[in-house]
Amino acid sequence: MTSKTVASSVYDWVDERLGLSELAAFARHKTVPVHSQSFWYYWGGISLFLFIVQCFTGVLLLVYYRPGADAYESVRQITFVMNFGWLIRSAHAWAASLMIFSILVHMFSVYFMKAYRKPRELGWLSGMALLGVASVFGFSGYLLPMDELSYFATKVGLQIPSAIPGIGEAIANMLRGGPDVSDFTVQRFFALHVVVLPAIFVPLLGFHLWLVQRYGNAAPPSEEAKPASERKTMPFLPNFLRKDLAMWLISLNILALLASVFPWSLGKPFDPLAPAPVGIHPEWYFMSPFEMLKLLGVVLQGEAGEIAGILLFTLGIVLWILIPFYDRGKEFGQRARAAHYFGLLAVFALLATTVIGYWTIR
Amino acid sequence: MNYPFWDIPILGSGWVIGIIAIFHVMISQFAVGGGLYLPLAERKAMRMPEGPLRDAWLTQLAVYSKFFLILTAVFGTVSGVGIWFAIGLTHPEATSTLIHNFVFGWAMEWVFFLVELTTIAVYYTTWGKIDPKLHLKVGWVYAGASAFTLIIINGILTFMLTPGDTWLAVAGTGHEASKFWYAFFNPTYWPSLFLRTCVCCALAGIWALITASRIDGDKQPELKTSLVKWSVKWLVPSFVATPFILIWYLWMVPASQRALLSLGIDTIGSGTFSVITRIALLIIITSATIVGVAYFLAYRNPRDFNLSHAIALLLLALMATGAGEYSREMLRKPYVIGRWMFSNGVRVPYVARINQEGYLAHSMWVWNDYDESHAKHLEILVSPEQERQWSSYASQPSYSRGEAIFRGECGSCHTLNGYRPLAKLLAGRDQANIRSFISMLHDYKPDSPYRRFMPPMVGTKQDIDDLTNFLNAQVNPPTPAAQKPMQTAQK
C-alpha cells in the first residue's frame, strides 16, 4: 500500500465517523467580501493567533513558575538561568500587549463597519466579553513576577475596582486577599490567570467563532448598498485562509522582533515598605480608564462627584456595549451618524486620555 | 589615538556605520542579484514564442530596469560612498589598516564599479533601440561587472573577521601588502561569497516582486502569473543552500568567536552580551517567513499578489539583512580586525607598550595632555609658533583626560546615555566598584568573562584613575538633581 492510499483510507475512516466531507463542502461555499476595507477582516484572526501563542507560551512558563513566596525567584530563573526562558517569557508578555491591541483594532473595525447589526448582535456582545476577560488576563498576569514595578502597578490598578461605590472596596479586598497586595494576591491572581479566566475565555471564544462561521464577515454599509453584481468575494478556502495565515506569520515575526530586541527584563524584588518608584503607572491598555477616572475626579469634586464620575464612566461603557440595540440601521447603506460620531469620540477619548496619562506620569 | 575621536552621543559611532551599511547592503546585493536577473529574464522572454506575452515581458523588464537603475545607481552609489565617510570618521585606525592592505583591491573594485554604472545606463537607454542580441550582451557585461564588485569587497569584509595566519605573521612589519592574496582569500572568503551570492539572488527575486506586484492581475493575468512565479524561484537556491553554507561559514570562524553566538541562550542579563544570540534568532525566523510568504502569497496566489504583500516581503528581507549584518559585525568581537586590532582600535601587540606609556601618550589631538616630549616622541617637526599655539590650547582643556580615554577606548561600542549606555550599565556601582571593574578589564585575565567580547582597558594606573573619575561623575553625579516628586500608589 502506498502512503497515498494509507492516507486516503485513514481519511475515509475518520470521515465516515465525523462527516469531514460535509464540513469541507460547507467550507468551500463560504466566501469573504472583497472591498477596500478588507484589510480589517484580518484583525480577529490575528487576535486568535496571539491567543494561541499565549496558551503555548503560558503552558511553558507554567512548567517553571512557582506562585506565592517563590514567585520572584522562579521568574528570575526563567529570565536569567533557563535556556531560552527569557524568550518564552518575553514572547508571552509582548503577545499579551499585542493581543489586546489587535482586539481593540478588531473591535473598532467591527464598530465602524457596522458589523454588529442584525443578525450579529451576539457576536458583538461575546466579543466585548472577550475583551473584558482579556484585560483581566493582562491585569492578573502583570502581577505574577512580583517585582517592584508589577507590585506597585497592581496596587495602582486596583484603584479602578475599588472606585466602584459601595462594593468596590470589597471586590478589591477579595482580589488582593486582604487590604494589601501580598503573596496571597499572587496566589489568587495565579489561579485566576491559569484556571478561571481560561475556563471562561475558551468557551466564549468558541461561541464567538461559531457565530463568525454562521453569519460570515459583514460587509460595510457602503458595500451593502452596491448591487449584488458589483460586489466581489473570495472563497474562504483556500484564498482567505491563506492570507489569514500569512498575517499570522507576519504577526509572529513582529512578536519575535519585539521579544528578541526588547526582551522583558525583571526589576528588583518587591518591597512593600519601600516607597513606590517614580513613574509607576498601569499597563498601556489600562491607562485610558485610569486617566478618565482621574480626570472625572478632578472635574466632579467630592464624594458625590466621585459617584457621578463612576456612573458617567459606566454609562459610556454600557452605551458602547449596547450599540447593536439602538443603532439598528433599518435601511442598509444608511450611515447612522450618531453611532459613527460616538465611535469617533470613543477613539479620540481613548487616545487622548492615554496620551495625557503618559504625559503626566512624571 | 593617532586620529581625533568622533564622538556621537546617544546613537554611538557603530550605528552610524550600521544604518548606512544595512541600507547599502540591501541595495548593493540587489544590484548584484538583479544584474543576473535582468539578462536571464530578457533571455527567457526572447525565447518565448512571438506574441502578446513575450511583448508584455519585455515591456515589463524595461520598466523594471528603470527602477533598478535609479535604485542601484543612485541610492546604492550614494550609500556606498557614505560607508567610506562613516568608517573613516568612526574607525580611522581600522580603515587605515584596510587601505594599506587593500588599496589595489579597491582600485579593482572601482574599475568594475565604473563599468557597472556605464553598462546599466546603456542597458536602460537602449531598450528597443539596438539589436536585441547586443542589448542582451550589455546586460551580461553588467552582470559580470557587478558580480566582480562583490567578489572583491567580499575579500576585504571577510578579512576583517578572519585575516588568516599568513597575514597575521607579517602584520605590523610594514610588509602586510605582500600577503595581499592570503589576506584576500582568507578562511571565510568562500563560504561568505556563496552566502552573499545566495542572498543576492533572493534579493533580486524580492525586489522583482515589488514591480511585478503592481501589474493588474485582472487585466494581465498571464503576465503577472508568469512573472511572479518566475521571480519567486529566485528565492529557492538561497533557502535551500543557506543553512548549509552558514554552517560552513561558522565552521571557519575561530571557536572563541563562534561561542559568542551562544552567550544569550540562557540569559538577558545586562553586560552579558546576550544580544547577538537574540539577533541571530531573528535571521532564522525572518528567513523562514520569507519562504512562507513567498510561497503562499506569491507562488500559490500570483494574481492576487499586491504591493503591500511585496513590501511586507521587502521589510522582512530588510530585517533579515539587518540582523545578518549585525550578527556578522558582532561575531568579530572583541576585534575589529580578527586577532590583530581590538574593536577600539588598539593593536593587540601594542597593549603592553600602552600599559607602560599611557593611553594618551600618542594622542596628539588631546590638547590638554600636550607636552614637548610627545612631539619629540612622534618625531613631528613642530615650529615654535605651532608649539605656542598648542600649549595655549593645553591650558584650556575642552574635556578631561578621563573623557578622552572614554572616547578612545570605550566610544567605539558604548555611549554614555544612549546605545549600550555606560551610565546605565554601571548604575549602582560606587567609585571603588567602578575602579575595580575597570581594573578587571585592564588585567584581562584568561578567565574573565568579558574577554570574550570586550577589548582590554589599556593604559597606566593614572589612566585607570582618570577613566574611573570620569565615569563615576557620570554614574554618580556629584550634585544630585532635585528629587522628582514621588507618585505613590495612594495617589
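Visitor: Which is the crossing of α1(B) and α12(B), left-handed or right-handed?

Guide: Heads-up: this is a predicted model, where local features need pLDDT of at least 70 and side-chain atom pairs count only at pLDDT 80 or more, while totals for chains, interfaces and linings use all residues. Residues are numbered from 1 along each chain as its sequence is written, with chains lettered from A and ligands numbered from 1 in the order in which they are written. A crossing is left-handed if the near helix is turned anticlockwise from the far one by less than a right angle, and right-handed if clockwise. For α1(B) and α12(B), the crossing is right-handed.

Visitor: What does the angle make α1(B) to α12(B)?

Guide: Helices here are DSSP runs (H or I, at least four residues; strands are E, at least two), numbered from the N terminus. The axes of α1 (residues 13–47) and α12 (residues 307–331) of chain B come within 10 Å and cross at roughly 125 degrees; axes are lines fitted to C-alpha atoms, for helices over the stretch in contact, and angles run from 0 to 180 degrees between N-to-C directions. Under 35 degrees is roughly parallel, over 145 roughly antiparallel, 65 to 115 roughly perpendicular and the rest oblique. So α1(B) to α12(B) is oblique.

Visitor: How many residues of chain B are in contact with the 29 residues of chain A?

Guide: Two residues are in contact if their C-beta atoms, placed from the backbone, lie within 7 Å. By that rule, the 29 residues of chain A have partners in chain B numbering 26.

Visitor: Which helix gives the largest share of the side of chain A that touches chain B?

Guide: On that side, α4 (71–80), α7 (148–157) and α12 (236–261) of chain A each supply at least two residues. The largest share, 11 residues, comes from α12(A).

Visitor: And how does α12(A) lie relative to α11(B)?

Guide: Helix α11 of chain B covers residues 275–299, and the two axes come within 10 Å. They cross at roughly 170 degrees. That makes α12(A) and α11(B) roughly antiparallel.
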